[in-house]
Amino acid sequence: MNPYRRHPFIRVATVLVYIFLYAPIVVLVLYSFNASRTNVLFEGFISSFGPLKTSGSLVTQSPCGPFHWFCELSQNREVGVAARNTLTIAFISTFVSTVIGTMAALALQRYDFRMKPFSQISLYIPIVIPEIVMGIGILTLFSQLFGLLNNAFGLTGDARLSLGLGTVIVSHIAFSVPFVTLVVQARLQGFDKSFEEAAMDLGANELTTFWRVTFPMILPGVLSGALLAFTLSLDDFVITFFTTGPGATTLPIYVYGLLRRIITPQVNALSTIWIAIVLTAVILLQRLQNREA
Amino acid sequence: MLQRLRENKAWQGTLLALPTTLWLFFLLVIPLFLTLVVSFGSRSPDGGVIYGFSFHNYLRLMGYSTNCPGGQASCFDPLYAQILWRSLTLAFWTTVIVILLAYPLAYFIARSHPRRRNTFLMLVLVPLWTNFVIRVYAWMMLLREQGVINGVLGWVAARLGLSFEPLQMLYTPGAVLVGMVYEFLPFMILPIFTSLEKIELPLYEAAADLGANPFRTFLRVTLPLSMPGVVAGTILVFIPVMGTFIVSDLLGGKQVILVGNLIQNQFLSARDPTFGSAASLILMIMTLIVTYFYTRKFGFGEEIIAA
(Lines give C-alpha, C1' and ligand atoms only; values in the text may rest on other atoms or scores of the structure.)
Protein backbone atom coordinates (compact mmCIF):
# COMPACT_ATOMS: atom_id res chain seq x y z
CA MET A 1 0.00 0.00 0.00
CA ASN A 2 1.33 3.39 -0.95
CA PRO A 3 1.32 5.52 2.20
CA TYR A 4 1.17 8.74 0.18
CA ARG A 5 -2.01 7.78 -1.66
CA ARG A 6 -4.67 10.43 -1.31
CA HIS A 7 -8.27 10.22 -2.47
CA PRO A 8 -9.11 12.50 -5.44
CA PHE A 9 -11.70 14.20 -3.24
CA ILE A 10 -8.93 15.19 -0.82
CA ARG A 11 -6.85 16.61 -3.68
CA VAL A 12 -9.70 18.70 -5.08
CA ALA A 13 -10.66 19.97 -1.61
CA THR A 14 -7.03 20.89 -0.92
CA VAL A 15 -6.71 22.91 -4.11
CA LEU A 16 -9.97 24.73 -3.34
CA VAL A 17 -8.93 25.56 0.23
CA TYR A 18 -5.55 26.87 -0.96
CA ILE A 19 -7.38 29.06 -3.50
CA PHE A 20 -9.63 30.32 -0.69
CA LEU A 21 -6.53 31.14 1.38
CA TYR A 22 -4.66 32.93 -1.40
CA ALA A 23 -7.29 34.63 -3.60
CA PRO A 24 -7.79 37.52 -1.15
CA ILE A 25 -4.03 37.97 -0.86
CA VAL A 26 -3.55 38.05 -4.63
CA VAL A 27 -6.30 40.68 -4.97
CA LEU A 28 -4.76 42.74 -2.19
CA VAL A 29 -1.35 42.76 -3.89
CA LEU A 30 -2.74 43.39 -7.38
CA TYR A 31 -4.72 46.44 -6.20
CA SER A 32 -1.62 48.01 -4.67
CA PHE A 33 -0.56 48.72 -8.27
CA ASN A 34 -3.97 50.11 -9.19
CA ALA A 35 -4.06 53.27 -11.30
CA SER A 36 -7.43 54.17 -9.77
CA ARG A 37 -7.27 56.52 -6.83
CA THR A 38 -10.66 55.42 -5.47
CA ASN A 39 -9.48 51.82 -5.62
CA VAL A 40 -12.94 50.46 -6.37
CA LEU A 41 -12.16 48.75 -9.66
CA PHE A 42 -8.82 47.63 -10.98
CA GLU A 43 -8.13 50.06 -13.82
CA GLY A 44 -4.75 48.83 -14.93
CA PHE A 45 -1.19 49.68 -13.96
CA ILE A 46 0.44 53.09 -14.02
CA SER A 47 2.73 52.47 -16.93
CA SER A 48 4.63 55.70 -17.52
CA PHE A 49 7.30 57.33 -15.39
CA GLY A 50 7.53 61.07 -15.00
CA PRO A 51 5.93 63.98 -13.15
CA LEU A 52 2.57 63.13 -11.54
CA LYS A 53 -0.34 63.32 -14.02
CA THR A 54 -3.94 62.46 -13.30
CA SER A 55 -7.17 62.35 -15.26
CA GLY A 56 -10.29 62.13 -13.16
CA SER A 57 -9.70 59.51 -10.50
CA LEU A 58 -6.96 57.85 -12.56
CA VAL A 59 -3.24 58.32 -12.06
CA THR A 60 -1.75 58.14 -15.52
CA GLN A 61 1.86 59.00 -14.82
CA SER A 62 3.97 58.98 -11.69
CA PRO A 63 7.65 59.49 -10.83
CA CYS A 64 7.57 55.95 -9.45
CA GLY A 65 5.58 54.38 -12.30
CA PRO A 66 3.59 51.36 -11.19
CA PHE A 67 5.04 51.74 -7.68
CA HIS A 68 3.26 55.08 -7.23
CA TRP A 69 1.38 54.05 -4.06
CA PHE A 70 4.53 52.66 -2.45
CA CYS A 71 6.25 56.02 -2.94
CA GLU A 72 3.22 57.82 -1.50
CA LEU A 73 3.32 55.45 1.44
CA SER A 74 6.98 56.15 2.10
CA GLN A 75 6.13 59.87 2.39
CA ASN A 76 3.41 59.12 4.95
CA ARG A 77 4.79 60.18 8.33
CA GLU A 78 2.00 58.52 10.33
CA VAL A 79 2.86 55.15 8.82
CA GLY A 80 6.52 55.65 9.66
CA VAL A 81 5.73 56.39 13.30
CA ALA A 82 3.32 53.46 13.51
CA ALA A 83 5.89 51.11 11.98
CA ARG A 84 8.56 52.25 14.44
CA ASN A 85 6.17 51.79 17.38
CA THR A 86 5.15 48.33 16.19
CA LEU A 87 8.77 47.18 15.92
CA THR A 88 9.83 48.76 19.24
CA ILE A 89 6.97 47.02 21.04
CA ALA A 90 7.64 43.70 19.32
CA PHE A 91 11.40 43.68 20.01
CA ILE A 92 11.19 44.68 23.67
CA SER A 93 8.27 42.41 24.52
CA THR A 94 9.89 39.49 22.68
CA PHE A 95 13.18 39.95 24.52
CA VAL A 96 11.63 40.20 27.99
CA SER A 97 9.10 37.41 27.50
CA THR A 98 11.75 35.08 26.04
CA VAL A 99 14.10 35.59 29.00
CA ILE A 100 11.55 35.30 31.79
CA GLY A 101 9.51 32.66 29.95
CA THR A 102 12.56 30.41 29.51
CA MET A 103 13.43 30.82 33.19
CA ALA A 104 9.90 29.81 34.14
CA ALA A 105 10.03 26.78 31.83
CA LEU A 106 13.25 25.60 33.51
CA ALA A 107 11.69 26.09 36.94
CA LEU A 108 8.51 24.23 36.05
CA GLN A 109 10.34 21.35 34.39
CA ARG A 110 13.33 20.90 36.68
CA TYR A 111 12.34 22.13 40.15
CA ASP A 112 9.69 21.57 42.79
CA PHE A 113 8.37 24.55 44.68
CA ARG A 114 5.25 25.63 46.45
CA MET A 115 3.69 27.98 43.90
CA LYS A 116 4.38 25.61 41.00
CA PRO A 117 0.71 24.59 40.45
CA PHE A 118 -0.35 28.23 40.38
CA SER A 119 2.46 29.17 37.96
CA GLN A 120 1.54 26.30 35.64
CA ILE A 121 -2.19 27.02 35.63
CA SER A 122 -1.78 30.75 35.05
CA LEU A 123 -0.01 29.91 31.75
CA TYR A 124 -3.29 28.66 30.30
CA ILE A 125 -5.24 31.85 31.03
CA PRO A 126 -4.45 33.61 27.71
CA ILE A 127 -5.36 30.46 25.78
CA VAL A 128 -8.79 29.87 27.30
CA ILE A 129 -9.93 33.47 27.79
CA PRO A 130 -10.94 35.70 24.87
CA GLU A 131 -8.48 38.51 24.20
CA ILE A 132 -11.08 41.22 24.62
CA VAL A 133 -11.71 40.09 28.21
CA MET A 134 -7.99 40.44 28.96
CA GLY A 135 -7.88 43.74 27.08
CA ILE A 136 -10.61 45.49 29.05
CA GLY A 137 -9.33 43.96 32.31
CA ILE A 138 -5.87 45.42 31.72
CA LEU A 139 -7.42 48.74 30.66
CA THR A 140 -9.39 48.84 33.94
CA LEU A 141 -6.26 48.00 35.92
CA PHE A 142 -4.17 50.74 34.32
CA SER A 143 -6.87 53.41 34.50
CA GLN A 144 -7.62 52.70 38.18
CA LEU A 145 -3.94 52.42 39.10
CA PHE A 146 -2.88 55.55 37.18
CA GLY A 147 -5.83 57.47 38.64
CA LEU A 148 -4.74 56.53 42.16
CA LEU A 149 -1.07 57.33 41.57
CA ASN A 150 -1.75 60.61 39.78
CA ASN A 151 -3.92 61.72 42.69
CA ALA A 152 -1.57 60.48 45.39
CA PHE A 153 1.50 62.21 43.97
CA GLY A 154 -0.34 65.21 42.58
CA LEU A 155 0.92 64.55 39.06
CA THR A 156 -0.37 66.94 36.41
CA GLY A 157 0.21 67.75 32.77
CA ASP A 158 2.98 65.79 31.07
CA ALA A 159 4.05 64.13 34.31
CA ARG A 160 0.72 62.31 34.58
CA LEU A 161 0.86 58.57 34.08
CA SER A 162 -1.16 57.60 31.04
CA LEU A 163 -1.61 54.86 28.48
CA GLY A 164 1.14 54.67 25.86
CA LEU A 165 4.03 52.58 24.58
CA GLY A 166 4.91 51.40 28.09
CA THR A 167 1.48 49.98 28.85
CA VAL A 168 1.33 48.27 25.46
CA ILE A 169 4.74 46.64 25.98
CA VAL A 170 3.87 45.43 29.48
CA SER A 171 0.60 43.94 28.20
CA HIS A 172 2.23 42.27 25.20
CA ILE A 173 4.71 40.58 27.53
CA ALA A 174 1.78 39.25 29.58
CA PHE A 175 0.19 37.43 26.67
CA SER A 176 3.47 36.27 25.05
CA VAL A 177 5.18 34.78 28.10
CA PRO A 178 2.85 31.77 28.45
CA PHE A 179 3.49 30.74 24.84
CA VAL A 180 7.27 30.99 25.24
CA THR A 181 7.15 28.98 28.47
CA LEU A 182 4.92 26.25 27.01
CA VAL A 183 7.11 25.88 23.90
CA VAL A 184 10.37 25.68 25.89
CA GLN A 185 8.75 23.31 28.39
CA ALA A 186 7.77 20.99 25.55
CA ARG A 187 11.40 21.03 24.36
CA LEU A 188 12.74 20.35 27.86
CA GLN A 189 10.40 17.39 28.28
CA GLY A 190 11.96 15.77 25.26
CA PHE A 191 15.55 15.68 26.42
CA ASP A 192 17.64 13.51 28.64
CA LYS A 193 18.65 14.80 32.05
CA SER A 194 21.72 12.54 32.08
CA PHE A 195 23.70 14.97 29.91
CA GLU A 196 23.45 17.55 32.65
CA GLU A 197 24.30 14.97 35.30
CA ALA A 198 27.35 13.90 33.30
CA ALA A 199 28.55 17.52 33.09
CA MET A 200 28.13 17.93 36.85
CA ASP A 201 29.99 14.66 37.49
CA LEU A 202 32.84 15.97 35.36
CA GLY A 203 33.12 18.94 37.69
CA ALA A 204 31.13 21.66 35.94
CA ASN A 205 29.18 23.88 38.31
CA GLU A 206 25.50 24.63 37.73
CA LEU A 207 26.06 27.80 35.73
CA THR A 208 28.63 26.20 33.43
CA THR A 209 26.35 23.22 32.99
CA PHE A 210 23.50 25.50 32.05
CA TRP A 211 25.42 27.55 29.49
CA ARG A 212 27.43 24.68 27.99
CA VAL A 213 24.90 21.85 28.08
CA THR A 214 21.30 22.81 28.83
CA PHE A 215 21.11 26.06 26.89
CA PRO A 216 22.47 24.74 23.56
CA MET A 217 20.01 21.86 23.76
CA ILE A 218 16.95 24.00 24.41
CA LEU A 219 18.06 26.76 22.03
CA PRO A 220 15.78 25.66 19.16
CA GLY A 221 12.84 25.74 21.58
CA VAL A 222 13.86 29.16 22.88
CA LEU A 223 14.19 30.49 19.33
CA SER A 224 10.79 29.19 18.22
CA GLY A 225 9.28 30.60 21.42
CA ALA A 226 10.83 33.98 20.63
CA LEU A 227 9.60 33.84 17.04
CA LEU A 228 6.09 33.04 18.29
CA ALA A 229 6.22 35.93 20.77
CA PHE A 230 7.42 38.27 18.00
CA THR A 231 4.66 37.33 15.56
CA LEU A 232 1.99 37.48 18.30
CA SER A 233 3.13 40.99 19.17
CA LEU A 234 3.28 42.18 15.53
CA ASP A 235 -0.15 40.76 14.81
CA ASP A 236 -1.90 41.87 17.98
CA PHE A 237 -4.83 44.18 17.60
CA VAL A 238 -7.24 43.71 20.50
CA ILE A 239 -4.92 44.10 23.51
CA THR A 240 -3.08 46.99 21.82
CA PHE A 241 -6.40 48.65 21.02
CA PHE A 242 -7.33 48.84 24.70
CA THR A 243 -3.90 49.63 26.16
CA THR A 244 -2.54 52.16 23.69
CA GLY A 245 -2.64 55.92 24.06
CA PRO A 246 -1.86 59.03 22.02
CA GLY A 247 1.42 58.73 20.13
CA ALA A 248 1.63 54.96 20.55
CA THR A 249 -0.33 53.88 17.47
CA THR A 250 0.80 50.58 15.94
CA LEU A 251 0.37 49.54 12.30
CA PRO A 252 -2.70 47.32 12.88
CA ILE A 253 -4.37 50.12 14.86
CA TYR A 254 -3.48 52.66 12.17
CA VAL A 255 -4.85 50.47 9.37
CA TYR A 256 -8.05 49.80 11.31
CA GLY A 257 -8.54 53.53 11.81
CA LEU A 258 -8.08 54.13 8.06
CA LEU A 259 -10.47 51.37 7.04
CA ARG A 260 -13.29 52.86 9.04
CA ARG A 261 -12.98 56.12 7.10
CA ILE A 262 -11.48 55.69 3.66
CA ILE A 263 -9.92 53.06 1.48
CA THR A 264 -6.90 54.08 -0.60
CA PRO A 265 -4.39 52.01 -2.56
CA GLN A 266 -1.84 53.10 0.08
CA VAL A 267 -3.34 50.53 2.45
CA ASN A 268 -2.83 47.92 -0.26
CA ALA A 269 0.78 49.00 -0.72
CA LEU A 270 1.31 48.64 3.02
CA SER A 271 -0.31 45.18 2.93
CA THR A 272 1.89 44.15 0.00
CA ILE A 273 5.04 45.14 1.89
CA TRP A 274 3.81 43.22 4.95
CA ILE A 275 3.05 40.12 2.86
CA ALA A 276 6.46 40.35 1.15
CA ILE A 277 8.20 40.44 4.54
CA VAL A 278 6.19 37.46 5.82
CA LEU A 279 6.90 35.51 2.64
CA THR A 280 10.64 36.18 2.95
CA ALA A 281 10.62 35.19 6.62
CA VAL A 282 8.75 31.97 5.89
CA ILE A 283 11.12 31.01 3.07
CA LEU A 284 14.18 31.74 5.24
CA LEU A 285 12.66 29.66 8.03
CA GLN A 286 12.12 26.74 5.70
CA ARG A 287 15.72 26.94 4.43
CA LEU A 288 16.87 26.87 8.05
CA GLN A 289 14.71 23.89 8.90
CA ASN A 290 15.83 21.96 5.85
CA ARG A 291 19.46 22.54 6.80
CA GLU A 292 18.77 21.25 10.31
CA ALA A 293 17.02 18.13 9.05
CA MET B 1 22.18 33.65 52.00
CA LEU B 2 23.80 32.89 48.65
CA GLN B 3 25.04 29.61 50.10
CA ARG B 4 21.52 28.69 51.16
CA LEU B 5 20.18 29.56 47.74
CA ARG B 6 22.76 27.31 46.12
CA GLU B 7 21.64 24.36 48.19
CA ASN B 8 17.92 24.91 48.27
CA LYS B 9 16.30 23.65 45.04
CA ALA B 10 12.85 24.92 46.04
CA TRP B 11 14.20 28.46 46.37
CA GLN B 12 15.91 28.30 43.01
CA GLY B 13 12.72 27.13 41.34
CA THR B 14 10.65 29.84 42.99
CA LEU B 15 13.13 32.54 41.95
CA LEU B 16 13.26 31.32 38.34
CA ALA B 17 9.48 31.21 38.03
CA LEU B 18 8.88 34.42 39.96
CA PRO B 19 9.05 37.07 37.17
CA THR B 20 6.62 35.20 34.92
CA THR B 21 4.27 34.29 37.75
CA LEU B 22 4.18 37.84 39.09
CA TRP B 23 3.70 39.27 35.62
CA LEU B 24 0.76 36.97 34.92
CA PHE B 25 -0.68 37.61 38.37
CA PHE B 26 -0.65 41.38 37.98
CA LEU B 27 -1.71 41.53 34.34
CA LEU B 28 -4.12 38.62 34.05
CA VAL B 29 -5.43 37.58 37.46
CA ILE B 30 -5.83 41.00 39.04
CA PRO B 31 -7.47 42.53 35.93
CA LEU B 32 -10.02 39.69 35.89
CA PHE B 33 -10.75 40.34 39.54
CA LEU B 34 -11.12 44.08 38.89
CA THR B 35 -13.49 43.37 36.02
CA LEU B 36 -15.62 41.33 38.40
CA VAL B 37 -15.67 44.15 40.97
CA VAL B 38 -16.51 46.79 38.37
CA SER B 39 -19.32 44.67 36.89
CA PHE B 40 -21.27 44.92 40.17
CA GLY B 41 -21.03 48.70 40.19
CA SER B 42 -22.96 51.30 38.28
CA ARG B 43 -22.11 54.10 35.90
CA SER B 44 -21.50 57.60 37.19
CA PRO B 45 -22.72 60.55 35.07
CA ASP B 46 -19.18 61.27 33.77
CA GLY B 47 -18.65 57.68 32.61
CA GLY B 48 -16.74 56.61 35.73
CA VAL B 49 -17.55 53.78 38.09
CA ILE B 50 -19.61 53.96 41.29
CA TYR B 51 -18.67 50.85 43.22
CA GLY B 52 -21.44 48.85 44.75
CA PHE B 53 -22.95 45.41 44.82
CA SER B 54 -25.81 45.08 42.41
CA PHE B 55 -26.69 42.51 39.79
CA HIS B 56 -28.32 45.21 37.70
CA ASN B 57 -25.87 44.84 34.77
CA TYR B 58 -26.32 41.08 34.64
CA LEU B 59 -30.11 41.39 34.75
CA ARG B 60 -29.91 43.86 31.89
CA LEU B 61 -27.91 41.35 29.84
CA MET B 62 -30.58 38.71 30.49
CA GLY B 63 -33.29 41.02 29.15
CA TYR B 64 -34.47 42.96 32.21
CA SER B 65 -35.17 46.52 31.15
CA THR B 66 -36.37 49.63 32.97
CA ASN B 67 -36.64 51.66 29.81
CA CYS B 68 -39.98 50.40 28.54
CA PRO B 69 -42.03 51.67 25.60
CA GLY B 70 -45.31 51.26 27.53
CA GLY B 71 -44.02 53.18 30.56
CA GLN B 72 -44.10 50.17 32.94
CA ALA B 73 -41.50 49.88 35.71
CA SER B 74 -39.84 46.89 34.04
CA CYS B 75 -40.22 44.76 30.96
CA PHE B 76 -38.40 42.18 28.85
CA ASP B 77 -35.98 43.46 26.22
CA PRO B 78 -34.28 40.63 24.33
CA LEU B 79 -31.65 42.87 22.64
CA TYR B 80 -28.60 41.78 24.66
CA ALA B 81 -29.67 38.16 24.97
CA GLN B 82 -29.96 38.14 21.18
CA ILE B 83 -26.44 39.51 20.84
CA LEU B 84 -25.06 36.78 23.11
CA TRP B 85 -26.98 34.09 21.24
CA ARG B 86 -25.84 35.47 17.85
CA SER B 87 -22.18 35.36 18.97
CA LEU B 88 -22.56 31.81 20.21
CA THR B 89 -24.21 30.51 17.03
CA LEU B 90 -21.75 32.38 14.80
CA ALA B 91 -18.81 30.88 16.70
CA PHE B 92 -20.41 27.44 16.42
CA TRP B 93 -20.94 27.61 12.66
CA THR B 94 -17.52 29.17 12.07
CA THR B 95 -15.92 26.28 13.95
CA VAL B 96 -17.93 23.65 12.03
CA ILE B 97 -17.07 25.15 8.63
CA VAL B 98 -13.42 25.60 9.59
CA ILE B 99 -13.16 21.92 10.62
CA LEU B 100 -14.73 20.84 7.31
CA LEU B 101 -12.28 22.98 5.30
CA ALA B 102 -9.18 22.33 7.41
CA TYR B 103 -9.45 18.57 7.70
CA PRO B 104 -8.93 17.61 4.03
CA LEU B 105 -6.07 20.08 3.71
CA ALA B 106 -4.36 18.86 6.90
CA TYR B 107 -4.86 15.27 5.72
CA PHE B 108 -3.36 16.09 2.34
CA ILE B 109 -0.28 17.68 3.92
CA ALA B 110 0.20 14.87 6.44
CA ARG B 111 0.04 12.29 3.63
CA SER B 112 2.35 14.14 1.28
CA HIS B 113 5.98 13.26 0.75
CA PRO B 114 8.08 14.42 3.75
CA ARG B 115 10.22 16.56 1.46
CA ARG B 116 7.23 18.55 0.23
CA ARG B 117 5.41 18.60 3.56
CA ASN B 118 7.29 21.67 4.84
CA THR B 119 6.48 23.67 1.74
CA PHE B 120 2.76 22.94 2.04
CA LEU B 121 2.87 23.90 5.73
CA MET B 122 4.69 27.15 4.97
CA LEU B 123 1.94 27.96 2.47
CA VAL B 124 -0.50 27.86 5.42
CA LEU B 125 1.75 30.13 7.50
CA VAL B 126 1.88 33.01 5.01
CA PRO B 127 -1.83 33.93 5.32
CA LEU B 128 -1.65 33.30 9.06
CA TRP B 129 1.22 35.73 9.59
CA THR B 130 -0.24 38.35 7.28
CA ASN B 131 -1.77 40.78 9.71
CA PHE B 132 -5.27 40.10 11.05
CA VAL B 133 -6.58 43.56 10.11
CA ILE B 134 -5.08 43.32 6.61
CA ARG B 135 -6.88 40.03 6.07
CA VAL B 136 -10.22 41.62 6.95
CA TYR B 137 -9.41 44.42 4.52
CA ALA B 138 -8.86 41.88 1.74
CA TRP B 139 -12.40 40.63 2.24
CA MET B 140 -13.75 44.18 2.21
CA MET B 141 -12.21 44.57 -1.24
CA LEU B 142 -13.69 41.27 -2.43
CA LEU B 143 -17.20 41.69 -1.05
CA ARG B 144 -17.89 45.38 -1.71
CA GLU B 145 -20.77 46.26 -3.97
CA GLN B 146 -18.26 47.23 -6.65
CA GLY B 147 -15.75 44.75 -5.38
CA VAL B 148 -13.92 41.92 -7.11
CA ILE B 149 -16.59 39.23 -6.73
CA ASN B 150 -19.36 41.43 -8.13
CA GLY B 151 -16.95 42.52 -10.86
CA VAL B 152 -16.26 38.95 -11.92
CA LEU B 153 -19.95 37.97 -11.73
CA GLY B 154 -20.90 41.02 -13.77
CA TRP B 155 -18.28 40.20 -16.40
CA VAL B 156 -19.53 36.60 -16.67
CA ALA B 157 -23.14 37.78 -16.86
CA ALA B 158 -22.27 40.25 -19.62
CA ARG B 159 -20.54 37.50 -21.58
CA LEU B 160 -23.63 35.32 -21.30
CA GLY B 161 -25.86 38.24 -22.22
CA LEU B 162 -27.63 38.25 -18.87
CA SER B 163 -28.59 41.29 -16.87
CA PHE B 164 -26.76 41.64 -13.58
CA GLU B 165 -27.51 43.49 -10.37
CA PRO B 166 -24.51 43.73 -8.03
CA LEU B 167 -25.10 41.59 -4.94
CA GLN B 168 -25.12 43.21 -1.52
CA MET B 169 -22.57 41.03 0.25
CA LEU B 170 -20.66 43.38 2.52
CA TYR B 171 -22.46 44.28 5.77
CA THR B 172 -24.39 41.01 5.95
CA PRO B 173 -24.13 38.12 8.45
CA GLY B 174 -22.73 35.98 5.63
CA ALA B 175 -19.81 38.37 5.15
CA VAL B 176 -18.96 38.12 8.85
CA LEU B 177 -19.11 34.32 8.69
CA VAL B 178 -16.79 34.20 5.65
CA GLY B 179 -14.40 36.64 7.30
CA MET B 180 -14.28 34.63 10.53
CA VAL B 181 -13.70 31.36 8.64
CA TYR B 182 -10.87 32.98 6.68
CA GLU B 183 -9.24 34.51 9.76
CA PHE B 184 -9.20 31.35 11.82
CA LEU B 185 -8.76 28.56 9.25
CA PRO B 186 -4.96 28.23 9.76
CA PHE B 187 -5.48 27.76 13.51
CA MET B 188 -7.38 24.55 12.74
CA ILE B 189 -5.11 23.25 9.97
CA LEU B 190 -1.92 23.23 12.08
CA PRO B 191 -3.15 21.19 15.11
CA ILE B 192 -5.04 18.68 12.94
CA PHE B 193 -1.91 18.23 10.83
CA THR B 194 0.18 17.68 13.98
CA SER B 195 -2.08 14.91 15.24
CA LEU B 196 -2.41 13.27 11.81
CA GLU B 197 1.34 13.28 11.30
CA LYS B 198 1.81 11.33 14.55
CA ILE B 199 -0.23 8.35 13.33
CA GLU B 200 2.18 5.62 12.38
CA LEU B 201 1.98 4.00 8.98
CA PRO B 202 1.94 0.36 10.22
CA LEU B 203 -1.45 1.10 11.75
CA TYR B 204 -2.86 1.66 8.28
CA GLU B 205 -1.21 -1.48 7.00
CA ALA B 206 -2.69 -3.43 9.92
CA ALA B 207 -6.14 -2.05 9.18
CA ALA B 208 -5.79 -2.96 5.52
CA ASP B 209 -4.51 -6.45 6.39
CA LEU B 210 -7.51 -6.97 8.62
CA GLY B 211 -9.74 -6.27 5.65
CA ALA B 212 -10.83 -2.68 6.31
CA ASN B 213 -11.49 -0.65 3.19
CA PRO B 214 -10.01 2.88 3.04
CA PHE B 215 -13.27 4.45 4.19
CA ARG B 216 -13.54 2.15 7.19
CA THR B 217 -9.87 2.72 8.00
CA PHE B 218 -10.51 6.43 8.02
CA LEU B 219 -13.53 6.12 10.32
CA ARG B 220 -11.98 3.64 12.76
CA VAL B 221 -8.29 4.63 12.75
CA THR B 222 -7.58 8.08 11.32
CA LEU B 223 -10.53 10.02 12.67
CA PRO B 224 -10.30 8.87 16.33
CA LEU B 225 -6.54 9.38 16.41
CA SER B 226 -6.82 12.90 14.99
CA MET B 227 -9.42 14.00 17.53
CA PRO B 228 -6.86 15.70 19.82
CA GLY B 229 -5.96 17.97 16.90
CA VAL B 230 -9.60 18.79 16.21
CA VAL B 231 -10.17 19.57 19.90
CA ALA B 232 -7.13 21.83 20.10
CA GLY B 233 -8.14 23.56 16.87
CA THR B 234 -11.67 24.07 18.13
CA ILE B 235 -10.39 25.80 21.26
CA LEU B 236 -8.05 27.97 19.18
CA VAL B 237 -10.93 28.95 16.85
CA PHE B 238 -14.06 29.04 19.00
CA ILE B 239 -12.70 31.22 21.81
CA PRO B 240 -11.26 34.04 19.66
CA VAL B 241 -14.31 34.06 17.36
CA MET B 242 -16.53 34.64 20.40
CA GLY B 243 -14.51 37.70 21.40
CA THR B 244 -13.46 39.29 18.11
CA PHE B 245 -14.97 42.62 17.19
CA ILE B 246 -12.95 43.78 14.16
CA VAL B 247 -14.39 41.27 11.69
CA SER B 248 -18.00 42.08 12.58
CA ASP B 249 -17.19 45.78 12.77
CA LEU B 250 -15.62 46.02 9.30
CA LEU B 251 -17.56 43.31 7.42
CA GLY B 252 -20.87 43.44 9.29
CA GLY B 253 -21.21 47.15 9.86
CA LYS B 254 -24.18 47.91 12.06
CA GLN B 255 -26.02 44.80 10.82
CA VAL B 256 -24.11 42.23 12.84
CA ILE B 257 -23.48 43.26 16.45
CA LEU B 258 -21.60 40.63 18.44
CA VAL B 259 -20.76 40.57 22.12
CA GLY B 260 -17.25 41.85 21.26
CA ASN B 261 -18.77 44.93 19.62
CA LEU B 262 -21.06 45.40 22.62
CA ILE B 263 -18.11 45.37 25.03
CA GLN B 264 -15.97 47.66 22.88
CA ASN B 265 -18.87 50.07 22.58
CA GLN B 266 -19.44 50.25 26.33
CA PHE B 267 -15.79 51.11 26.92
CA LEU B 268 -15.44 53.66 24.13
CA SER B 269 -18.58 55.41 22.96
CA ALA B 270 -21.32 54.43 25.42
CA ARG B 271 -18.96 54.90 28.35
CA ASP B 272 -20.50 52.41 30.73
CA PRO B 273 -17.54 50.26 31.82
CA THR B 274 -19.67 48.49 34.44
CA PHE B 275 -22.04 47.09 31.82
CA GLY B 276 -19.08 46.30 29.52
CA SER B 277 -17.36 44.43 32.34
CA ALA B 278 -20.48 42.37 33.05
CA ALA B 279 -20.78 41.51 29.34
CA SER B 280 -17.14 40.51 29.20
CA LEU B 281 -17.46 38.24 32.24
CA ILE B 282 -20.54 36.58 30.72
CA LEU B 283 -18.49 36.10 27.53
CA MET B 284 -15.67 34.53 29.54
CA ILE B 285 -18.05 32.23 31.41
CA MET B 286 -19.67 31.11 28.16
CA THR B 287 -16.32 30.24 26.58
CA LEU B 288 -15.11 28.49 29.74
CA ILE B 289 -18.27 26.36 29.96
CA VAL B 290 -18.03 25.34 26.31
CA THR B 291 -14.28 24.63 26.62
CA TYR B 292 -14.80 22.65 29.83
CA PHE B 293 -17.47 20.32 28.47
CA TYR B 294 -15.71 19.96 25.14
CA THR B 295 -12.31 19.10 26.63
CA ARG B 296 -13.79 16.85 29.32
CA LYS B 297 -15.30 14.76 26.58
CA PHE B 298 -12.30 14.73 24.26
CA GLY B 299 -9.29 15.67 26.40
CA PHE B 300 -7.05 18.72 26.29
CA GLY B 301 -4.28 17.84 23.86
CA GLU B 302 -0.73 19.16 23.70
CA GLU B 303 -1.53 20.01 20.06
CA ILE B 304 -2.44 23.52 21.22
CA ILE B 305 1.22 24.36 21.70
CA ALA B 306 2.15 22.76 18.41
CA ALA B 307 0.16 25.41 16.61
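# Strands, burial and spread in a predicted model

Modeller: S2(A) and S3(A) pair in the antiparallel sense, over three bridges. This is a predicted model, in which local features need pLDDT of at least 70 and side-chain atom pairs count only at pLDDT 80 or more, while totals for chains, interfaces and linings use all residues. Residues are numbered from 1 along each chain as its sequence is written, and chains are lettered from A and ligands numbered from 1 in the order in which they are written.

Biologist: Why are S2(A) and S3(A) said to pair?

Modeller: Strands are DSSP runs of E of at least two residues, and helices are runs of H or I of at least four, both numbered from the N terminus. Two strands pair if DSSP finds at least two bridges between them, and S2(A) and S3(A) have three, so they pair. Ser55(A) stands opposite Leu58(A) in S3(A), and the two strands form a hairpin with two residues between them, where Gly56(A) in the turn has a positive phi of about 60 degrees.

Biologist: What makes the pairing in the sheet of chain A mixed?

Modeller: The open sheet has three strands in the order S1-S3-S2. S1(A) and S3(A), residues 58–62, pair in the parallel sense over two bridges, whereas S2(A) and S3(A) pair in the antiparallel sense. Ser48(A) stands opposite Gln61(A), and Phe49(A) stands opposite Ser62(A).

Biologist: What makes S1(A) and S2(A) edge strands?

Modeller: Strand S1 (48–49) and strand S2 (53–55) of chain A each pair on one side only.

Biologist: Is Thr240(A) buried or exposed, and what decides that?

Modeller: A residue is buried if 20 or more other C-beta atoms, placed from the backbone, lie within 10 Å of its own, exposed if 12 or fewer do, and partly exposed in between. Thr240(A) has 25 such atoms, so it is buried. Thr240(A) lies in helix H10 (residues 238–243) of chain A. Contact requires C-beta atoms, placed from the backbone, within 7 Å, and, not counting residues up to four places away in sequence, Thr240(A) touches Val168(A), Thr250(A), Pro252(A) and Ile253(A).

Biologist: What shows whether the length of H7(B) agrees with its number of residues?

Modeller: The expected span of a helix is 1.5 Å times one less than its number of residues. The 12 residues of H7(B) should therefore span 16 Å, and its end C-alpha atoms are 17 Å apart, which agrees. H7(B) is followed by Gly161(B), whose phi is positive, near 75 degrees.

Biologist: Why is chain B called more spread out than a compact globule?

Modeller: The secondary structure of chain B comes to 14 helices and four strands. Its radius of gyration, taken over C-alpha atoms, is 25 Å, well over the 19 Å that the globule rule (2.2 Å times the number of residues to the power 0.38) gives for 307 residues, so chain B is more spread out than a compact globule. Along the principal axes, its C-alpha atoms fill a box of roughly 90 × 75 × 35 Å, and 43% of the residues count as buried.

Terms used: Contact = placed C-beta atoms within 7 Å.
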